[in-house]
Amino acid sequence: LLMYILAPSMLAADFTVLGEQIKIVEEAGAKYLHIDVMDGDFVPNLSFGVPVIQSIRKCSGIVFDVHLMISKPERYIEAFAKAGADIITVHAEASQDINKVITQIKNTGKKASLSINPDTPVETVFEYCHLLDMVLLMSVHPGFGGQKFIGSSLDKAARLREYAVKNDLRFDIEMDGGISLENVEDVIKSGVNVIVAGSSVFGANNINQTVKEFLNI
Ligand code: DX5
Ligand code: ZN
């Protein structure tokens with residue numbers, strides 16, 4: 001049995017019964033709910049934002065893992081913290097002053113996480129690791145669910161894990177995009193300990209059973 005945290009991505013949920021779907025993954029053993037916020041600028045798509053998070057906060061105690069795919073995220077950190085985020089991820093490519101936005105997240109009392117796109121070298125995050133609770137490695141180009149996993153992401157995770165071990169740093173490593181029951185084992189073995197899964201969980205015929213299968217790998 002591999003020890004990791006599963007973070008089903010709400011982007012792939014059925015929004016007509018969102019509260020019920022969150023309950024299903026929570027009861028099946030998922031510890032995080034991954035929440036993709038898109039602004040139509042940093043990524044070529046729009047999703048949901050503060051009011052939706054505020055609303056679902058009332059129906060679930062699951063950890064809200066909020067992935068901000070937005071330009072200049074410093075503008076909205078306080079708003080997402082107030083809405084109920086537990087972990088706030090910003091993109092290294094989206095901010096002019098990464099140190100400042102990490103400090104801003106930490107000042108809200110929430111966990112701080114930094115993400116990089118598939119084309120951004122993993123070394124980019126090294127100088128910030130000592131400040132972070134988590135690093136999110138994108139294994140697809142952000143903007144859409146249901147894309148194909150980019151294989152070179154495994155090597156990035158392995159190098160980041162090696163860096164963490166060498167420097168005695170305890171941050172989590174999350175991977176996001178194209179992860180299914182077929183490749184999750186390879187992802188975890190590369191050094192990842194938080195797995196995002198959107199279409200492979202919420203697109204399944206039996207969501208409860210699929211979460212349990214993920215957690216039995
Ligand atoms: C992509 C999002 C992902 C997405 C993952 O921009 O950041 O979190 O929801 O979806 P799947 O698991 O279907 O690739
Ligand atoms: Zn995401």
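Between which two elements does the loop that holds D168 lie? D168 is placed in the loop between α5 (153-166) and β7 (172-176), where helices (H or I, at least four residues) and strands (E, at least two) are DSSP runs numbered from the N terminus. The structure is a predicted model, in which local features need pLDDT of at least 70 and side-chain atom pairs count only at pLDDT 80 or more, whereas totals for chains, interfaces and linings use all residues. Residues are numbered from 1 along each chain as its sequence is written, and chains are lettered from A and ligands numbered from 1 in the order in which they are written.

Although D168 is not a glycine, its phi is positive, at about 55 degrees. Most residues other than glycine have a negative phi. D168 counts as exposed because it has 7 C-beta neighbours inside 10 Å; a residue is exposed if 12 or fewer other C-beta atoms lie within 10 Å of its own, buried if 20 or more do, and partly exposed in between, with C-beta atoms placed from the backbone. A positive phi, near 45 degrees, is also found in K72, which lies in the loop between β3 (63-69) and α3 (77-83). K72 is partly exposed, because 15 other C-beta atoms are within 10 Å.

In helix α8 (residues 207-215), the buried residues are I207, T210, V211 and F214. These residues lie on the same side of α8 because they cover an arc of only 100 degrees around the axis, the arc being that of the directions from the helix axis to the C-beta atoms. An α-helix has 3.6 residues a turn, so residues three or four places apart point the same way. The buried residues of α8 pack against several elements, including β1 (5-8), α1 (18-28) and α6 (184-189), a contact requiring that the C-beta atoms of two residues, placed from the backbone, lie within 7 Å.

The axes of α1 and α8 are 8 Å apart and form an angle of about 35 degrees; axes are lines fitted to C-alpha atoms, for helices over the stretch in contact, and angles run from 0 to 180 degrees between N-to-C directions. In this packing, Q21, I24, V25 and A28 of α1 meet I207, N208, V211 and K212 of α8.

F15 is situated in the loop between β1 and α1 and is exposed, because 10 other C-beta atoms lie within 10 Å. From C-alpha to C-alpha, F15 and I207 are 14 Å apart in space, while 192 residues separate them in sequence.
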